[in-house]
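Dear colleague,

I am handing over the structure below, and my notes on it follow. Please read them with the model open beside you.

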Amino acid sequence: MKKIEAIIKPFKLDEVRESLSEIGVTGLTVTEVKGFGRQKGHTELYRGAEYVVDFLPKVKIEIVVAAETVEPAIDAIIKAAHTGKIGDGKIFVTAVEQVVRIRTGETDEAAI
């Protein structure tokens, strides 16, 4: 099992969710986050004063999938989240040792 964390632009969330749903991903967790990478924030004008926005709003999606679903899930996220502009985001994949569904006690693959 693998955990996929994707940091994407907020307006791409629905497209990514639909894309993952099409390949059979049944659940995900979404968190509103802020951060920056190469984008390094930007300058905005508010009431005539210029100020720097260091942390840009992003959305973090977390899913846990079987090992054979990792590549299709990554492809689905890339296709749905891609705009071709700086700040499209990143995907991180890590190993998951154990999963337990609290309600039923199911473990590992059955609990996903």
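Helices (H or I, at least four residues) and strands (E, at least two) are taken as DSSP runs, numbered from the N terminus. This is a predicted model, in which local features need pLDDT of at least 70 and side-chain atom pairs count only at pLDDT 80 or more, whereas totals for chains, interfaces and linings use all residues. Residues are numbered from 1 along each chain as its sequence is written, and side-chain values use heavy atoms, with hydrogens and water left out.

As to confidence, pLDDT (the predictor's confidence in each residue, from 0 to 100) averages 90 for the protein, with 91% of the residues scoring at least 70. It is lowest in strand E3 (residues 42-46), at a mean of 64, and highest in E1, at 98.

Four strands form an open sheet in the order E2-E5-E1-E6, with antiparallel pairing, where two strands pair if DSSP finds at least two bridges between them. Strand E2 (29-35) and strand E6 (89-95) each have a single partner strand and stand at the edges, so one side of each is left without a neighbour in the sheet. Between E2 and strand E5 (residues 56-65), which run antiparallel, there are seven bridges, and glutamate 32 has valine 59 as its bridge partner in E5.

Aspartate 108, in the segment after E6, has a phi near 50°, a positive value in a residue other than glycine. Its relative accessibility is 30%, so aspartate 108 counts as partly exposed (buried means under 20% relative accessible area, exposed over 50%, partly exposed in between, with a 1.4 Å probe and protein chains only).

Best regards
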